[in-house]
Amino acid sequence: MRRMEEKILKEGQVLPGGILKVGSFLNQQIDTEFLMEMAEEINWLFGDGGVSKILTIESSGIPLAVAAGIIMKVPVVFAKKHKTSNVDGETYKSKVHSFTHNEDYEIIVARDYIREDDRILLIDDFLANGNALRGLIELIEQARATLVGCAVAIEKCFQDGGDRLRAQGVRIEALAAIESMTDTEIVFR
Ligand code: 5GP
C-alpha cells in the first residue's frame, strides 16, 4: 500500500532494538481517514473469504480491526491480555511473548465469542516474530473455528514471524512490508 509506505517514511521513527514508532497515525494518535483506507484495503484483500468475525489483540490491534469490521460488516472480538472479572465463564487462553516488552503474558477470550462455525480474520498492527498471531491462532484452534488469514498493517520482514507462519500455510497480508530499517533508512519489500 503506497500511502502506508509514504506515511512510514514521513512520520515513522526507528527506535533501538528494531522497533518502529508510528504513534502519529496508528499506535497512539489515530489518523482516522487513513485508518479507513487501511480497512478498505483489508476488505479488498479478504472481502471474498466468507469472513464471519475479526479477531485481534488488545490494545493496538483494535482500531484497525474495528474499522475493517465496519466495512466488512462483521463483529470484532479482541483477546484480553489479562484475566479480568468481566470475562466470566469459560475462556480460551494462550501464552504470548511480547516483542516490545520482552515478557510473557496470557491472552484470553470468552468461549461465547468464537464459535466452531466462525471463519476468522486475524488483524494486528505489527507482525515481527509472529508470537501475537500464533497466540491468536491457538485460540482459534481451541475453538475449532476456521482461520481465513491474517492482515497486518506493517510486517517487519527482517524478523521471521511472517515467513514461519506462511510456511505453515497461513495466508498473511501486510499493508506495508519492511525489508530493513536503520535510523536513517527504511527499505520496503
Ligand atoms: P510479534 O508477536 O509478531 O513478535 O510482535 C507483534 C506485536 O508486537 C504487535 O502486536 C505489536 O503491538 C508489537 N510490535 C512488534 N514490533 C513492533 C514495532 O516495531 N513497533 C510497534 N509499535 N509495535 C511492535
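**Exercise 1. The shell around the ligand**

Task: In this predicted model, determine which strands and helix each supply at least two residues of the shell around the ligand.

Solution. Step 2: The largest share of the shell comes from E7, with four residues. Step 3: In total, 17 residues surround the ligand, and the closest are Leu 20, Asp 124, Asn 129, Gly 130 and Lys 156. Step 4: Sorted by class, the shell holds seven nonpolar, seven polar and three charged residues.

**Exercise 2. Backbone atoms at the ligand**

Task: Identify which residues place a polar backbone atom at a stated distance from an oxygen atom of the ligand, and state how much of the ligand's area the protein buries.

Solution. Step 1: For Ala 128, a polar backbone atom is 2.8 Å from an oxygen atom of the ligand. Step 2: For Gly 130, the corresponding distance to a ligand oxygen is 2.7 Å. Step 3: For Asn 131, a backbone N or O atom lies 3.1 Å from an oxygen of the ligand. Step 4: The ligand taken alone exposes 500 Å², and the protein buries 89% of that area.

**Exercise 3. The largest pocket**

Task: Describe the volume and the lining of the largest pocket, and state what takes up its space.

Solution. Step 1: The volume of the largest pocket is about 790 Å³. Step 2: Its lining consists of 34 residues, of which Ser 60, Lys 81, Ser 98, Thr 100 and Asp 125 are the closest to the centre. Step 3: Two or more lining residues come from each of E2, helix H2 (23-27), strand E5 (91-97), strand E6 (104-110), E7 and H5. Step 4: E7 gives the largest share of this lining, four residues. Step 5: The lining comprises 13 nonpolar, 13 polar and eight charged residues. Step 6: The space of this largest pocket is taken by the ligand.

Terms used. Residues are numbered from 1 along each chain as its sequence is written. This is a predicted model: local features need pLDDT of at least 70, side-chain atom pairs count only at pLDDT 80 or more; totals for chains, interfaces and linings use all residues. Side-chain values use heavy atoms; hydrogens and water are left out. A residue is near a molecule or strand if one of its heavy atoms lies within 4 Å of it. A polar contact is a pair of N or O atoms within 3.5 Å; within protein, one must be able to donate a hydrogen and the other to accept it, and residues adjacent in sequence count only if both atoms are side-chain atoms. Accessible areas come from the Shrake-Rupley method with a 1.4 Å probe; for residues, only the protein chains shown count as cover. On a 1 Å grid over the protein atoms alone, a cavity is a set of points where a 1.4 Å probe fits but cannot get out, and a pocket is an open set with protein on both sides within 12 Å along at least five of seven lines; lining residues have an atom within 4 Å of a point. A molecule sits in a cavity or pocket if more than half of its atoms lie within 2 Å of its grid points. Ala, Val, Leu, Ile, Met, Phe, Trp, Tyr, Cys and Pro count as nonpolar, Asp, Glu, Lys and Arg as charged, and the others, Gly among them, as polar. Grid points are joined across faces, edges and corners, and a volume is the space filled by probe spheres set on the points.
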